[in-house]
Amino acid sequence: MVTTENRTQISTYSTPNVSTVVVLGLAAITASASPVVSLDHFASVTPPTMLDLFEYQMNRKFVVLQEKINQFGLLKRDWNGYDAAPIPSAAVDDAQLFLQSLRNSNIDLNGWEVFPTARETIQFEKTVGENYIEIEVYSNGSFAYYSEGRENLEIESISIKEAMEKISGVFG
């Protein structure tokens, strides 16, 4: 990329009759064989704040996790090839409640993964640096918490409130 006289030239190539789309920061620029884009156009556009971008990203991750959890409720017997029972709807409901609690507590949803287990539960997990947390959601409303980090290794049955406090302590 070369900047001259308040203009940015993006080095790229294109095939005949086909434009190349270049995404630069928050702007999508359609480039031709000799692309030149004026920066004056962007001076009047109010860029989204970092908070707006974070909110968008969290909403997107929330919807992805929410849909995965819903799909777990559709699993049939033998979904894992080892005769696993379906995931009970109560576990799906409690997993959705736990996901909503993460969101409401402003816990960063990036890095969280969610899986069904053969124990008829739904497992959430996240690793950041040396910290690993796993929360298993049961259909009877209970949660199992497993953590491995710098100095601790524990597994215990806890309430959703206690799970949120522990997660906030590690990732908050």
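Predicted model: local features only at pLDDT ≥ 70, side-chain atom pairs only at ≥ 80, totals over all residues.
The largest nonpolar core holds 27 residues. Among them, Phe98, Trp112, Ile122, Phe124 and Ile135 touch the most other members. Helix H3 gives the most, with 6 residues. In soluble globular proteins, nonpolar side chains tend to be buried together.

The count of aromatic pairs comes to 4. Phe98 and Trp112 form one that is edge-to-face. Phe98 belongs to helix H3, whereas Trp112 sits in the loop between H3 and strand E6 (113-116), so the pair ties together parts that are 14 residues apart in sequence. Phe98 counts as buried, at 0% relative accessibility. Trp112 is also buried, at 0%.

A further edge-to-face pair joins Tyr132 and Tyr146. Here the centre-to-centre distance is 5.9 Å and the angle between the planes is 70°. Tyr132 lies in strand E8 and Tyr146 in strand E9, so this pair links parts that are 14 residues apart in sequence. Tyr132 is buried, with a relative accessible area of 15%. Tyr146 is partly exposed, because its relative accessible area is 22% and buried means under 20%.

Ring pairs also link Phe98, Trp112, Phe124 and Phe143 into a cluster. Another contact involves a charge and a ring. The charged end of Arg103 sits over the ring of Phe62, 4.1 Å from the ring centre.

Key:
Residues numbered from 1 in each chain as written. Heavy atoms only, no water. Core = buried A, V, L, I, M, F, W, Y, C linked by side-chain atoms within 4.5 Å. Buried < 20%, exposed > 50% of the residue type's maximum accessible area, 1.4 Å probe, protein only. Helix = DSSP H or I, 4+ residues; strand = E, 2+ residues; numbered from the N terminus. Phe/Tyr/Trp six-rings, centres within 6.5 Å; stacked < 30°, edge-to-face > 60°. Lys NZ or Arg CZ within 6 Å of the ring centre and 35° of its normal.
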